[in-house]
Structures are given as structure tokens and as C-alpha cells.
Amino acid sequence: MPRLNFWTVVMVLTWLLLFVLLFIPVGSVLVSSLYDQSGNFTLANYAKFLTEPRFRVAFLNTLIVGVGGMAGALLLGSIMAFCVSRFVIGGGKFVSLLAILALVSPPFIGAYSWIVLFGAGGVVRGFLRDMGINMPPIYGVGGILVVFSLKFYPYVYLMVSGALSNVNRSLEEAAEGLGLTPWQRTFRISFPMVFPALTAGGLLALIHAIADFGTPRLLGRGFNVLATEAFTLYSAEVGSNMSMATTISVVLILVSMVFVMLQRYMSRRNVYHGNMINKPTRIQLNGWRNWLAHFGVYFIGLCGAMPVIVSVIYSFRKTNGPVFQEGFALQSYQRILFNLGDVVRNSLTFSIAAVILIVLVGTVVGVLVARRTNLNTALLDGAFMVPYVMPGIVIGIAFIAAFNTGPIVLTGTATIIILSIFIRRLPYTVRTTASSLRQISPSMEEAAVSLGYSPFQAFLRITVPMIVPGIIAGGMLSFVTAINELSSSLVLYVGSTMTMPVRIYLLILDGDFGTAAALSTVLLVLSGAAVYIAFRFMGRNEQALL
Amino acid sequence: MSYLTVANATKQFGATFMALNGVSIAVGKGEFFTLLGPSGCGKTTLLRSIAGFNDLTAGEITLDGSNLRIVPPHQRDIGMVFQDYAVFPHLSVFDNVAFGLKPRKVPAAEIKARVTEALDAVRLGAMADRLPAAMSGGQQQRIGLARAMVIKPRLLLMDEPLSNLDAKLRIELREEIRDIQKQVDIATIYVTHDQEEALAISDRICVMNAGRIEQVGTPEEIYGNPQTRFVAEFVGTLNVLTAGAALNGLLGQLGLNAPGAASWAVRPERLGLDATGAASGDDMVAVPGTVAKYTYLGREAHVQVDTPLGMIVVQVANPGMAASRETGEPVSVLVPRDVPMAFGADGARLSTGG
């Protein structure tokens with residue numbers, strides 16, 4: 001009797017999982033966009049998308065915030081990367097920490113903190129008005145771009161500083177020997193070397209910018225992008241239009257796909273691996289140049305981390321209802337403890353459940369992808385690209401479209417929120433597991449087999465201990481993503497399955513900034529702890545956060 | 001009867017590529033047997049099929065009289081040393097070496113004694129508690145060697161164990177491997193592409209090319225009496241003589257004749273160098289030429305001479321200061337009668353009777 005192969009079962013289950021959690025939702029979105037309310041096939045939704053100015057504007061706005069966010073992130077990120085990797089900057093580690101803070105804080109906290117500082121009744125704006133300087137409030141496209149630039153610059157910073165510290169110093173010395181001035185050296189030698197990293201980081205910022213929902217929602221004030229339009233159409237109490245929401249989702253998927261493909265192409269081109277015999281050194285600047293470099297780095301770093309700082313400070317301010325008073329108190333935290341315990345508990349249980357699933361399934365499938373290389377696993381690898389191009393809001397709408405009726409009904413359950421987080425983060429774990437497995441020489445397991453261990457024992461005793469630290473670290477980073485997820489949960493939640501980001505978002509809309517700030521701080525502490533544990537397991541590796 | 005025999009081993013990859021094409025070898029108990037050949041010749045494929053990491057398409061492998069192909073790799077009781085060391089980074093040096101004793105249900109006290117002994121044999125006794133990550137390549141390979149030996153395997157396989165080490169360490173460690181192997185008296189199959197290493201370490205060498213065996217023999221036989229042109233060229237260096245009137249004249253003077261010879265060749269170190277116009281005799285012919293290039297290498301010198309037989313390299317041992325030759329200098333290349341080798345169109349060595 002032929003034994004049922006373990007890996008064949010895994011392969012079948014993986015495809016089943018992808019079919020249910022990915023192909024059915026995406027298919028449902030597509031189908032829903034192609035049929036009208038009475039169930040007839042139609043292209044009217046797409047025609048409407050092309051003709052109605054409202055959607056054309058949203059489409060253009062999406063590109064504007066995407067490209068603008070990318071430009072801002074490129075500007076700030078490359079300045080910071082260049083200064084930190086080429087000049088001696090005091091407290092370089094602290095600067096990196098500021099970048100990590102900007103990266104792990106949810107973007108809508110950023111939007112809210114900037115409203116506190118520069119909004120209609122903003123603190124800084126008020127202060128400046130008292131001094132006679134009148135600046136416009138931060139709402140609208142300008143504000144969104146500021147927030148995106150400061151939120152997404154770490155993508156560029158981390159990628160470019162990685163590339164810059166990998167440029168072999170000998171190349172620049174060779175250029176110097178050939179008579180190039182410092183400026184020429186920078187633009188003709190260093191810049192081409194980091195160009196792939198620069199574009200890859202910039203595109204990453206762009207992809208996140210067009211997928212973001214919270215920031216344009218809170219700061220837009222009439223400035224709508226595709227993500228907010230999709231949500232508005234889906235959630236409108238009167239005239240909710242699912243087929244138009246799914247049409248926008250399809251467009252959003254297509255736009256993201258273009259940039260994700262471009263990003264992957266640019267990352268692959270990042271192949272200038274010089275030998276590291278001659279590492280670049282940092283130059284000690286003098287006088288005003290030194291001041292300027294330090295000012296630039298710390299200004300960007302502190303502005304990027306400003307939302308975090310503001311939330312933490314405001315979380316301790318004394319409040320009376322939603323109104324801030326003079327002085328400090330723990331009232332906001334008391335409110336969380338007494339009224340919002342279930343929200344915190346929901347967030348924790350959903351995230352932990354999702355992370356456990358992600359780690360277990362992701363590791364097994366990662367082993368499958370790395371070890372059983374044939375056509376099927378290549379296809380599998382490709383299929384795992386799909387969640388990368390799905391903005392959270394689209395995943396949410398897709399899950400509603402797929403699981404509201406039909407054989408599997410999940411709407412309103414905790415399961416649907418857990419699964420939406422699971423499917424978005426699964427590809428990351430599969431990829432990191434597969435790549436760390438590929439780095440382990442096959443002779444390791446062969447050595448164990450030759451010493452008398454069966455192949456399975458060899459895998460358990462040799463390979464597993466070698467990849468476990470990476471798996472734990474990856475799980476922690478998945479936890480950070482899971483617990484900060486707003487947009488898909490916002491579509492999928494019901495009263496009993498509300499999570500912290502959703503609650504924060506609603507609190508901000510209600511004007512209860514104190515409680516929102518306290519809840520944000522709790523979120524940040526949890527994220528920070530997870531990042532800390534991850535770094536303990538795999539060494540301090542900021543690149544893994546990308 | 002031989003200890004390990006491989007009969008008609010054939011391994012096919014894809015539709016057409018034959019990694020092994022009917023290879024048969026027989027290795028004696030305690031013998032140090034080396035598979036030598038260029039990359040892609042099938043030597044590693046043969047080693048890995050003995051270890052069980054890939055199966056043959058056809059053929060038989062027997063060890064000590066029993067069929068090895070039906071035994072799963074982890075039950076073959078064969079020690080293996082890897083090119084990339086394959087030292088387990090998460091285990092200490094001691095635990096690496098003890099790793100193979102655990103599934104053999106060896107009592108703890110005996111494990112300690114045997115591991116200590118094995119580590120002393122490879123001179124790592126003082127490093128038992130260290131983690132291997134920060135250790136040098138030579139030390140890591142010593143761990144690999146101790147780990148493979150300590151289980152007292154029925155057969156020891158080594159897959160280019162020294163090729164990732166630097167030149168000096170390579171020579172040092174190959175002597176150690178040779179000594180330890182003789183001490184413990186385990187039949188060993190050693191894979192390398194380094195001919196000098198093969199000559200230095202082996203009882204017998206099997207030279208392989210394109211999935212086939214070219215020649216099996218002692219180092220002296222392989223180097224001194226190559227049976228194919230491939231062996232002669234791969235082990236040592238070779239001057240191939242240009243066909244024509246000059247070659248026919250040389251062979252006539254020496255009274256050499258090989259029917260069906262496609263090419264004639266001479267080893268550089270078997271030739272002599274003399275002043276121009278040196279006399280020829282029955283046993284030695286002086287071929288006139290001019291020096292094209294002189295390369296001084298310390299313990300030897302290579303003199304490239306332009307002759308009617310083509311460019312011929314003459315290797316001069318212990319070149320003194322006076323041995324130096326100027327480019328364009330006229331010289332005679334001395335070819336003793338027993339030096340020229342004849343090869344047929346298929347590359348096989350022909351007898352040069354006459």
C-alpha cells in the first residue's frame with residue numbers, strides 16, 4: 001500500500017487554504033464588480049468609474065498622494081541615510097530608534113497627532129498665531145503628504161543606508177585616483193550604486209501610501225482617495241453600493257500590482273555586492289557643516305517620531321470628558337481599564353491567534369516551498385504574491401463579499417478578522433522561512449543522516465533549531481503588523497469584535513483624544529516589546545521591519 | 001574478495017546526461033582509495049550514491065558482502081566528511097562529535113571517553129566546550145573528521161574535505177588525515193580534483209572523466225605509467241609534440257614505433273637541456289631550438305623552447321643562478337628514449353616497442 005506522503009498533504013492543504021482565503025475573496029470582488037444589483041453581467045460599474053468625476057478625482061488623488069508620499073519619503077530618507085552612513089552623527093543608534101518608532105506606529109496615530117499640533121485648534125498653530133504668524137491648518141492634501149513623508153521615510157532610510165554602507169570604499173578611492181571631485185564621485189559612483197535601493201525604498205513608500213486609509217480619512221476633509229471612496233461606498237448607511245466598492249477595489253488592486261511588480265523588479269536589481277574588505281568610513285564634520293548634518297538628522301527623526309511623542313504625552317494629560325485640562329493624570333488609562341478592557345483583550349487574542357497560525361502554517365509551507373522545488377511550489381510562490389498587492393481595505397471588502405453569504409458565512413465573527421490578518425501576513429513568513437532554509441547547506445542534514453538519524457529526525461534536530469530564532473523574530477514582527485491593523489478590521493468588525501486600532505479611530509472621530517492617546521500608547525508599548533524581542537532573537541536588524 | 005565493490009554504476013540525470021556511465025571499482029579493507037577527476041566527472045555522484053544521498057539508475061553496491069543499495073542512508077553506518085564542513089553551528093564542539101553516538105545508544109560515560117579521544121586525535125581536545133561558529137575552517141574540518149570517525153563507521157567518505165582551506169593548511173591536514181586513517185584502519189574513499197593531493201594521500205587512485213573510469217592504480221602507476229592521454233594530462237603536465245617530419249625523424253632516431261598512434265607527448269621533467277649542438281646518441285636525441293621564455297619558480301624553472309616539434313616546456317630542477325636563460329638563446333632539448341608516450345585516436349596509451 002503506498003504511504004500517503006506528508007508533503008503531498010501539505011501541498012493540497014496549502015492550495016485549499018489559498019483557494020478559500022485568497023482566490024474566493026478576490027474572485028468575489030471581481031464577480032461583484034461585474035454584476036449589477038439584480039444579478040446581470042455588466043460593465044456599467046467600470047464605465048461609471050471612468051465617467052464620474054468623483055472617481056476620476058479619487059483615482060488621480062491616489063496617484064498624487066502615492067507619488068507625493070514617495071517624493072517626500074525619498075527626500076527625507078536619503079538625506080538621513082546619507083548623513084548617518086557617511087558622517088559621524090552623535091547618538092546614531094538613537095536616530096535609528098526614532099526611525100523604528102515612526103515605522104511601527106500606526107499611520108492614523110500620525111494623522112491625529114499632527115491634527116493636535118497643526119489642526120484647526122492645534123497647539124503649535126495657536127502658538128504661532130499668538131506670535132502673529134498665521135498658517136493654514138494641516139487638513140487636505142498638504143497634510144496628508146507631510147504625514148506620509150514622515151511616516152514612510154524609514155523605508156527609504158533603511159534601504160539606502162544599507163546600500164550605502166555596502167558600497168566598497170575602494171570604488172570611491174579609485175574614482176578619486178582618476179581625478180573626480182567629491183561631488184562628481186557622489187553623483188557618478190555612489191549614486192548609481194544606491195539607485196536600486198533608492199527606487200525600491202521609494203516604491204515601498206508609494207505602495208503603502210496608496211494603500212493607506214486612516215490618514216486620508218482623518219486629514220483629507222473632502223480630499224478622497226480610492227481607499228476612502230471604497231470604504232465610503234461600502235459603509236454608507238444610505239445607498240451602500242457594494243458593486244461600486246468592489247469595482248474601486250479592483251482598480252486599487254491593479255494600481256498596487258503595477259507598483260509592487262516594479263518594486264520587486266527594482267529590489268532584484270539591487271545586486272551590487274562588493275567585497276567588504278574596504279568598508280566605508282564615516283567622516284567627522286567640522287563647524288557649521290557638522291551642525292547642519294546633526295540638525296537635519298535629528299529634525300527628520302524627531303518629526304517622524306512626533307506622533308509617538310505627542311500620543312504618549314497626551315495620554316497622561318488630565319481630562320474632563322473629552323476636553324484636556326491643565327496638569328497630568330492617569331484618567332485616560334483608567335478609562336481603558338474600566339471601559340475598554342474588552343477592546344484590548346480582543347486585539348491581543350486576535351493578534352496572538354493570527355500570529356500562532358501564521359507561524360505554524362507559514363513555517364510548514366515555507367519548508368515546502370524551499371525543499372520541494374517543482375512546478376507546483378513555483379506556482380505557490382507566485383500565489384503568495386497576491387496578498388502583497390491587496391490594501392487592507394480591499395481585503396476587508398473582499399472577505400465581506402466572499403463570506404457574507406454562501407457556503408461559509410463568517411461575517412461578524414472573530415474568525416474573519418483573524419483570517420484577514422493571517423492571509424496578509426502569511427506570505428512574509430513563508431518567504432522568510434524559505435529563504436532562511438535555502439541558506440542552510442543541505443550537507444548539514446546529510447551529515448546527520450550519515451551519523452544515523454532518519455531524514456525527519458535530522459530535520460528536527462539540525463534544521464529546526466537553526467531556523468527557530470528567525471521564526472520567533474518573524475512571528476514578533478507579524479504581531480506588530482497584526483495588532484496595528486486598522487483598515488481591514490474597520491470593514492470586518494462588529495460591536496463585539498472591535499480592536500484597539502478601530503477603537504482609536506472611532507475615538508478620534510468622536511473627539512476623545514485623551515483616551516485615543518492612551519490606547520495608542522498601549523499599542524506602542526506592545527509593538528515596541530515585540531520589536532525588542534524580535535531583535536533579541538535575530539540581532540538588531542532594522543531591515544527586517546521593511 | 002574486496003570490501004566495497006561498485007559494479008556497473010550508472011546514474012542518469014534528465015533525458016540524456018550520464019553522470020556515471022558503467023563505473024566499477026573494488027576497494028580493500030583499510031585501503032585509502034581516491035576518486036580523482038575534474039568537476040563534473042562523476043566522482044561526487046559516485047561518492048554520494050555510496051553514502052545513499054542519491055540512488056543509482058542502475059548498478060550494484062556491496063559493502064562487506066551485503067547489498068548496500070537496499071539500506072536507507074541513515075542505517076548504512078558510513079561516516080562522511082563534507083567540503084563545507086557541515087558542522088552544526090548550534091552545538092558545541094563536543095556535542096557535534098557526540099551527535100552520532102546518541103542514536104547508537106552508547107552509554108554516557110563511553111560517549112565522553114570516545115569523544116575526548118577523537119578530539120585529541122584531531123588536536124581539538126582543548127576546545128570541546130566552544131561553539132564552532134567562530135572557529136577557523138581548518139578547525140571546523142577537524143571537527144567534521146572527528147565526528148565521522150568517532151562512530152567507528154564501516155566506511156569513511158570524504159568529499160573534497162580540503163578544497164576550502166588555504167594551501168599550507170591543506171598540506172598539513174592531508175598528512176593528518178592520512179596518519180589517522182592508517183591508525184584506525186578504516187576503508188576510506190576520498191574525492192578530490194587536486195592531483196598532488198591524490199598522489200600524496202592515496203593507496204590507490206581512480207581517475208575519472210565524463211562519468212567513466214580512465215585508470216585505477218597506485219600513485220606511481222598513475223603518474224609514471226598513465227594509460228590514457230587524459231590521465232597523463234590531468235595528473236602532471238604534458239608537452240604534445242607537433243606531427244610532421246621532425247617528429248618522424250625523432251622517432252626514427254630513437255627507434256620508436258607505435259602503429260595507429262594519433263599523438264606523441266613528453267613530460268617536461270623528463271627532458272634535459274643542453275648547449276646548442278649537443279650530440280645525439282641511440283638512447284637520447286638532442287632537438288635544436290631557441291628559448292622563448294624562462295620562468296623561475298624557486299625549486300624549479302620552466303624553460304619554454306621553440307623547436308621543430310612545437311613549443312616544448314622543459315622543467316629544470318634546482319635551478320641555480322647560472323641556470324637562467326635569455327629569450328632567443330639557442331639550446332638543445334634532450335629527449336631520452338624512454339620518455340615519449342604514444343596515444344591512439346581514442347586517447348588510449350599505445351606500446352612504443354621497436
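**Exercise 1. Find where A:Gly327 is located, and decide whether A:Gly327 is buried or exposed.**

Solution. A:Gly327 sits in strand S2 (residues 323-328) of chain A. Strands (E, at least two residues) and helices (H or I, at least four) are DSSP runs, numbered from the N terminus. Next, count neighbours: A:Gly327 has 8 C-beta neighbours inside 10 Å, so A:Gly327 counts as exposed. The cut-offs are 20 or more other C-beta atoms within 10 Å for buried, 12 or fewer for exposed, and partly exposed in between, with C-beta atoms placed from the backbone. Finally, A:Val67 is 260 residues from A:Gly327 along the chain, and their C-alpha atoms are 42 Å apart.

This is a predicted model: local features need pLDDT of at least 70, side-chain atom pairs count only at pLDDT 80 or more, and totals for chains, interfaces and linings use all residues. Residues are numbered from 1 along each chain as its sequence is written, while chains are lettered from A and ligands numbered from 1 in the order in which they are written.

**Exercise 2. Describe how H15(A) crosses H20(A).**

Solution. Start with the axes, which are lines fitted to C-alpha atoms over the stretch in contact, with angles from 0 to 180 degrees between N-to-C directions. Helix H15 (residues 341-371) of chain A and helix H20 (residues 455-483) of chain A have axes that come within 9 Å and cross at roughly 140°. H15(A) and H20(A) are therefore oblique to each other. Angles under 35 degrees count as roughly parallel, over 145 as roughly antiparallel, 65 to 115 as roughly perpendicular and the rest as oblique. Now the residues. Those of H15(A) that meet H20(A) include A:Ser347 and A:Thr363. On H20(A), A:Gly475 and A:Phe479 are among them. Contact requires C-beta atoms, placed from the backbone, within 7 Å. By class, this contact has eight nonpolar, five polar and no charged residues. Nonpolar covers Ala, Val, Leu, Ile, Met, Phe, Trp, Tyr, Cys and Pro; charged covers Asp, Glu, Lys and Arg; the others, Gly among them, are polar.

**Exercise 3. Characterise the packing of H4(A) and H13(A).**

Solution. Helix H4 (residues 92-104) of chain A packs on helix H13 (residues 287-315) of chain A at about 35°, with the axes 8 Å apart. Their crossing is left-handed. H4(A) contributes residues including A:Val95 and A:Leu98, and H13(A) residues including A:Gly301 and A:Val308. The contact has nine nonpolar, two polar and no charged residues.

**Exercise 4. Describe the side of chain B that touches chain A.**

Solution. 18 residues of chain B are in contact with 14 residues of chain A. Strand S6 (residues 78-81) of chain B gives the largest share of the chain B side, three residues. That side has twelve nonpolar, four polar and two charged residues.

How values were computed
A crossing is left-handed if the near helix is turned anticlockwise from the far one by less than a right angle, and right-handed if clockwise. Two residues are in contact if their C-beta atoms, placed from the backbone, lie within 7 Å.
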